[in-house]
Each structure stands twice: as structure tokens, then as C-alpha cells.
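Please look over the structure below before reading on. The report then takes up its helix packing, its cavities and its backbone.

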Amino acid sequence: MLGQLSIPLQALRSDSEMSWLDILCHPVWAVSTALLAIVVRIQRRGRWDPHACTVRLKGKTAIVTGANTGIGKFIALDFARRGARVILACRSEARGKAALKEIKEKTGNSDVHLHLVDLSSLVSVREFANRILEEEKALHILVNNAGVSGLPRQITEDGLEVSFATNHLGPFLLTNLLLDLMKHSAPARIVTLSSVNHKKGKVDFSHFHGENLTYHMDTVYNHTKLHNVICTSELARRLQGTGVTANSVHPGIVMTEVLRHYPFMIRLLFNLIGFFFFKSPEEGAVNSIYCAVAEEMEGITGKYFDSDCSLVLPAPLARDPALAVKDFEISARLTSKL
């Protein structure tokens, strides 16, 4: 009896597999998938085109962290094309030199420079900031772009969790060390790259030291991005009347190297889907460039911008003024002691 049943069951399984294969291989499926990809690519273009923006940055100085690859490199490339003096703040000397060479060749701007900094090390951040303060007479744009995701638990020499040090506390310290120079150079703009994933983040200050954290996919990353939005908002409040603005942005889902620490299969799936539907690094750079150079952004501060350059509300936690003051003061106290 079982032998008699096995034939029709195998036939049914075979028919089922064939039906799925027929669907996936059918020309209509292929054409509809391609059309959907095209539609998504068209729709993901923002309402603001950096190539149509005629703003020049001659005589202006800009710093972009993580400028050796991905979004940061395209932000720096745009600033260089506009004639700015651009400082690439990178951790890797080899990759930084490659980006430096590429940007100079593509823009014809020789006033582009590489300075090394490891944002996970507060000592490195201070050394970088001191060099800027010694060598630069002005600073008009600071883009906090560098970030990591998916790192395993690691505590830095400063006693900080490595993702929080790299994504939040390092950029926080760098920004505050350069504030006086930016005030002196006003009008000036600070742009910090966050993520829509900040809405999934939580605030627990023990996280700064690697306590009470769950290391699963982008969980830690989401927490750090929430702190970015919260502290940028509080920074903007403290900078009112100085001529220095501070805003945070969500660049979109972008094909960058941010997932390089994830398992191979996750990266493979992301890249396969992303090829059709996600933004390129150049597209992901647009709203950061918008906040940094667009004339209509003059005087706009303490806001959060979506990937299409539209002004949107961040998560409720990021709109809590009391929490913002506490977060800023704890971050300041922690980085000033180290």
C-alpha cells in the first residue's frame, strides 16, 4: 500500500516543483520583475537633485568622516566638485589614499586632504581634532557619516562598547571639540547620518559600556542611531543663535559596506535584492548633501530628514526634550573623562 502511495506522492511533489519553476521562469514573471525594479529605481530618486544645485563652496572647508567608501566618498566628491577644501577623515590609510586619488582626479580639485582617525578611540578623535584646530582657520561643514553595524561584542581601551564608541560617542566628541571653530566660521552646518532604524532603538545608558545588550543582526546599530538623533536635536537647541545648525538624516536603504560584518548569506541576500531595489551609495548621499549645501536649508536646525530630503518626525523617544538633555549630558560627561 505504501509503495502504491509513493508514486502519486512523488508525482504530486514533482508537479508542485515544476509549477513553481514554470512560474519563476515564465517570461511574464521576468518582465514584471524587471518593470517593478525600474519603477522602484525611478521612485527612489529624491525631489532634490544635487547636480542641479548651483551652490559653490569655494573658500569653505568641509570634513567628512568615513569618506573612503560608500556614502561618505560621494558626499566628499560632491563637496570637492563645488570647490570646497575637503578633509577626508578615514580609519584606513590605504583606502583613504585610494579615495583621495579618485576624488582629486574626478573633480580636478587639489585641495582635498586625508587625515586618519579611528572614531572608536577617543584618543584618536582628540588627536584628529587637535590637528584640525592647529591647521585649519575655519570649518563650515561637518558630516558625521562613518558607522558600523553587526560587530560582535568588544570593549574599547576607553571601556566603551565598540559600536557605541564608533557610531555615537566618537562622533559626539569630535563634533563638540570642533564646535568653537565652527562657531567662529558661521554660518556652518553639522549633518549626522542616522537611520530609520532608530525607531527600533532603545535608550539604556548601560549600553555605552556593553551591558544589557543583545547582539542580533542590527539591534545594537539601531540603539546607536537613536542616540544620534536625540543628541543632534539637543545640540541644535544648544547652538541656537550661534549660526551653526545641526540636523540628522536617514540616507535610505543603501548598497554600502555597512553589512560587511554580517554572515555571508545575509550579505548575499541583501546584495541580490539590493541590486534591483536599494539605493546606490551616490543616491544615498543626496540628502546629506542637501542638508549641507542647499540654500533652502539655511537656518534649519534640530530636524530629521528622510531619504527623499523631506522633513519628517523621528521616533517619539527622539522628541523627548528631557531625555535629550540627559543623553547629551551623560555622553558629554563620559567622553570628557576619557
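What follows is a short report on a predicted model.

## Packed helices: α5 and α6

Two packed helices are described by the angle between their axes and the distance between the axes. Take helix α5, residues 122–135, and its partner α6. Their axes come within 10 Å and cross at roughly 25 degrees. Angles under 35 degrees count as roughly parallel, and α5 and α6 are therefore roughly parallel to each other. The crossing of α5 past α6 is right-handed.

Which residues meet here? On the α5 side they are L122, V125, R126, F128, A129 and L133. On the α6 side they are L169, G170, L173, L174 and L177. Sorted by class, this contact of α5 with α6 holds nine nonpolar residues, one polar and one charged.

## Packed helices: α3 and α11

Now turn to helix α3, residues 70–81, and helix α11, residues 286–293. They pack at an angle of about 40 degrees, and their axes lie 9 Å apart. α3 and α11 are therefore oblique to each other. Here too the handedness can be named: α3 passes α11 in a right-handed crossing.

From α3, the contact uses F74, I75, D78 and F79. From α11, it uses S288, I289, A292 and V293. The contact of α3 with α11 has six nonpolar residues, one polar and one charged.

## The largest cavity

How many cavities of 30 Å³ or more does the count give? It comes to two. The largest has a volume of about 140 Å³.

The lining of the largest cavity has 15 residues. Nearest its centre lie F172, T175, T192, C231 and T232. Three elements each supply at least two lining residues: α6 (162–177), β5 (188–193) and α8 (219–238). Which of the elements gives the most to this lining? It is α6, with six residues. So what classes line the largest cavity? The lining has nine polar residues, six nonpolar and no charged ones.

## The second largest cavity

The second largest cavity holds about 30 Å³ of space. Its lining is made by R189, I190, V191, T245, N247, C291, M297 and I300. β5 and β6 (244–249) are the elements that give two or more residues to this lining. β5 gives the most, with three residues.

By class, the lining of the second largest cavity divides into five nonpolar residues, two polar and one charged.

## Backbone details

Most residues other than glycine have a negative phi, and most peptide bonds are trans. Two places in this model are worth a look with that in mind.

Is the peptide bond from A186 to P187 cis or trans? It is cis, with omega near 5 degrees. P187 sits in the loop between α7 (179–184) and β5.

The other place is N212. N212 is found in the loop between β5 and α8.

## Recap

α5 and α6 are roughly parallel, while α3 and α11 are oblique.

Conventions
Residues numbered from 1 in each chain as written. Predicted model: local features only at pLDDT ≥ 70, side-chain atom pairs only at ≥ 80, totals over all residues. Heavy atoms only, no water. Axes fitted to C-alpha atoms, helices over the stretch in contact; angles between N-to-C directions. Helix = DSSP H or I, 4+ residues; strand = E, 2+ residues; numbered from the N terminus. Parallel < 35°, antiparallel > 145°, perpendicular 65-115°, else oblique. Left-handed = near helix turned anticlockwise from the far one by under 90°. Contact = heavy atoms within 4.5 Å. Nonpolar A, V, L, I, M, F, W, Y, C, P; charged D, E, K, R; others polar. 1 Å grid on protein atoms, 1.4 Å probe; cavity = no way out; pocket = protein on both sides within 12 Å on 5 of 7 lines; lining within 4 Å. Points joined across faces, edges and corners; volume = space filled by probe spheres on them.
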